Every structure is written in structure tokens, then in C-alpha cells.
Amino acid sequence: MNLSTGSARRSHIIGGKDVSGDAWTPNINPSDTSDVVGEYAHASEADAAAAVEAACAALPRWALATPQERADVLDRAGSEVIARADELGDLLAREEGKTLPEARGEVIRAGQILKFHGGQALRNAGEIIDSVRPGLEVTVTREPLGVVSVITPWNFPIAIPAWKIAPALAYGNTVVFKPAELVPGSAWELADTLRRAGLPEGVLNLVMGSGREIGSVLTGSPDIDGITFTGSVLTGERILQTATPQRTRVQLEMGGKNPLVVLDDADLDIAVDVALQGAFGSTGQRCTASSRLIVTRGIHDRFVAALSAAMRGWRVDDARTEGTQMGPVVDATQLAQDEHYLRTATTEGGQVIGGERVERAASGHFLAPALVVGTDSSMTVNREEVFGPVASVIEVDDYDEALAVANDTEFGLSSGIVTSSLAAATHFRRHSGAGMVMVNVPTAGVDYHVPFGGRRASSFGPREQGTYAREFFTVAKTAYVKA
Ligand code: UN1
């Protein structure tokens, strides 16, 4: 099938087989709501239970598979994903609405993640430590966690699934994977690619559908050993409540309200570019988006004027039209949420620049980038995650106030500073309350080979990505051996 124009019909993948029931969900293009990307199977609780059962059945064999076998599967799948970057990038832009360059970049990143963790399968080294007792040797080894539920959001339809599934498989776990209902297309292609790359039946099971309907099976089943989730704070907390009494291991990546501090000594062009990319890249639909721009008095007016002009110049259009700089909002519900926050910001005393609906040839959920100026830290727009192309500006007296405002949030995922002062940058890196700190680069857009994660309400459990991913997906075993 041609993924860029055709309409696919895709089943769940359970035990290596295509399985579908009676219910199907249309996958709609947010740039053109008359374009149906495909019909995707809609799982029942019985389908989800079958997926858990298949993952359990596949575990003994995969847990003992050689690192070479695991590495080969991941490497082959990674190479295929990268080779198909244009085609898969087009599908991703079509179902999610980020621009083609953003979507293609995300697909390549997913391929690189698969290959990285393929390598990690070969580097799962343990430790040998001399015992404190004579004649004894102590070894510490890493064994698979077991059956893992992977639950992913709509905003990174292939990269987030890849960065959870790849380490899960590399370390010998089996997986039940539920992608967000809005973006099953990229998820299906990823699962099918891994299947064709030689993954044994049942090692990775894909069930598509609604978290409300099948979430309790994926998070509450006693056969599940771990749950890795990226999504809203509300759902994350619900998962934690379900999992904790059963002692199921949980890894959560949730919201952000990420500050970007701009100091008087910043290079204005760099500051504007960093803010523009951080706030409005991927239509602002990233948990790492720069949503609070904290700007010192001496540069405030120049920064707001230059950023507003740059935003105005941005082309908001069909995600797959060449030259589009920002694609649509993902769906009508998200658009309504974005507009709700803009109205609330106005009611509470902010002034909104931009943020109008944009009409295009096709009916899509287009919203111009919005900047809310004249805000303070107590306003709703500075406390709650919007998850859209909306950033606010908070004017402050100096660096000390900027740091205090930056840390005045329940979240702590990513933070940034634009400055030419090494002293300010170093101080900020040390004292920011976020899990990731960016100096003169956007708060969003991260490397795949280093740990990713936040603090406080943003994250729970061990870090994702890079070598740190092993912590969640393995359990340590300490052995004492007397020869
Ligand atoms: C990035 O900024 O490159 O859901 C990644 C999110 C994050 C991923 C952001 N978990 O937006």
C-alpha cells in the first residue's frame, strides 16, 4: 500500500499474528480531516488479555535468547526504519501533524535508538566483587524484568515507542504495546518492522485502542512486571495507584511547564531562535516545550518584539506542504484546550499576541503560534501544561528573580537559559530544579544516547534512554559462590 495516499486496514499483532475483532477506529489526518489514513483495529479487554498471555508465553525463550540474537533483530529493524525515513516520515506527518522535516527526523531518531539498544544488548555486563568473607566470590548480574506494558502518547508516534520498546527487548523482556489511539499508523509500522526483522512470536504484542477501555488489563494484570508510560499527569497517577499495591514496577514521564530564561546579556538572535524552536516546534506539543519565557527587564521589549515578528512570519499549514514551519494541532479536543488556556490567560490579565485560528484549503486544526505577554507566575497559563503552540512571557528584574520563577512550578522536566555569561549558565545548571538543563539551546530536542527524564510531578522511576535505560528494564541478582 502507498502510505502517503492510501487508506490502510491494520490489525493488532498478538503472538506474531494479525488479530482483529469487530471494532475499528479511523485514523484522521489533522491537516485535512477528510483524509482517512486508515482503519485500525480497536481492542477489547479480551484482546488485551490475549496480548498479555502471548507476552508471558514468549518470555522464557526471549529472556534466554543470546545477546547476538537480540542485537541482530534491533539492528536490522533500525536499519529498515532509517532506510524508510521518507515513507515513514510522511505517514507520521500525515497522522500526527508535525512537519515533514520534523517527522522524518523523528523516524531517523527511532531507527538510531533501535540500533543503539541493539549494541547495548551486547554490553549487558555484570560485576564481580571480592566477598568480605574468605574464599567467596560475589557476582552481580542483570536479568530481565519480565513482561512490560509500554503505553505511549500521540506526540512522538515512533520515537517514544522506540525508546521504550528497544531497551525492553535488548534486555530480554517481552512487551505489550499500546500506542495512543490518535496515531496507530507509525506504531503498527514499528511493530511490523520488528516482526519481520526476526523477533520471535509473542515477544512484542501490539494492541490498539482506548486506554479507558483496556488500560486496566495493561496496568492491573498480575502478569505484568513493569509499566513504562509517557502521557498526562492524571493518567500517570492512576497507573501508579493501580500498580503499587501489586508491586509492579512503574516508569512515568508526564507533564512539563518548562522555563526558558533569557538574560540581558543574551545574543538576541540566539534567544529568539531558541524560544521559537523550543516553544513552537512540533506545534508546541512536546512535554519538553519552552512554555514559560522568563525575561530580564533590559532585553524584554526587544525580545518580545523580535519573537512576535518571527512568529508572525512562520507559515502554519498542512504538515506535508513544503515550506510549512508549523503543522496543525493534533485534534479538535486539543485545539479547544489550547483556546481555553488563551481565554483564561486574557481573563487573568495577560495580552495574547497571535493565537488565531488559521483557515487553509483543507479543513485542519490550524492555530497560529501564541505568545501571552504581561503574565506572572501565579497565572493559570504559567501553572498548567497547555500542550500546544502557546508560550507566556514573565518579565523579571534580574537573574536571581529569573531563577526563582523558573523553579516556581510543580514540574521539573527541562529548563533552559540563554546568556553569554559563563557564571550565570553554570549557576543555573547547578540550581535549576529540572532533570535536564539546556544552555543556549532549546528546552526540547534531546539526544538518544543520554538519560532523559525529570523531577517532581514530571517523572517517576528510573531514567529513560541511553545506558540508563537498563535500570528500569532489568533486575539485579547478587550471587555468592564458594569454589
Ligand atoms: C524531545 O523534546 O526531543 O513527550 C523529546 C514528550 C517527551 C519527549 C520530548 N517525552 O514530549
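Reply: Start with Thr 288: a side-chain N or O atom of this residue is 2.6 Å from an oxygen atom of the ligand, which counts as a polar contact (a pair of N or O atoms within 3.5 Å; within protein, one must be able to donate a hydrogen and the other to accept it, and sequence neighbours count only if both atoms are side-chain atoms). Cys 287 does it with its backbone instead, putting an N or O atom 2.6 Å from a ligand oxygen. Arg 109 comes in with its side chain, with an N or O atom 2.8 Å from an oxygen atom of the ligand. In total 13 residues surround the ligand, and the closest also include Asn 155 and Gly 445; to be near, a residue needs a heavy atom within 4 Å.

A quick word on the ground rules: this is a predicted model, so local features need pLDDT of at least 70 and side-chain atom pairs count only at pLDDT 80 or more, while totals for chains, interfaces and linings use all residues. Numbering runs from 1 along each chain as its sequence is written, and side-chain values use heavy atoms, with hydrogens and water left out.

Now step back to the domains. The chain splits into domain 1 (2-254 + 449-482) and domain 2 (258-439), with bounds from an automatic or database domain assignment. Domain 1 puts 33 residues into the contact and domain 2 puts in 36, contact meaning heavy atoms within 4.5 Å. Together they bury about 2,600 Å², 55% of it on carbon and sulfur atoms; that's the accessible area (1.4 Å probe) lost when the two parts are put together, summed over both.

Twelve residue pairs are in polar contact between the domains, both partners at pLDDT 80 or more. On the domain 1 side, α3 (85-96) is among the elements giving two or more residues, and α3 supplies the largest share, four residues. Helices here are DSSP runs (H or I, at least four residues), strands likewise (E, at least two), numbered from the N terminus.

The rule finds one salt bridge across this interface, i.e. a Lys or Arg side-chain nitrogen within 4 Å of an Asp or Glu carboxyl oxygen. Asp 90 and Arg 320 also meet in a salt bridge, at 2.7 Å from N to O.

Overall, the salt bridge count is 25. Another one joins Asp 18 and Arg 195, at 3.2 Å. Asp 18 is in strand β3 and Arg 195 in helix α6, so this pair ties together parts 177 residues apart in sequence.
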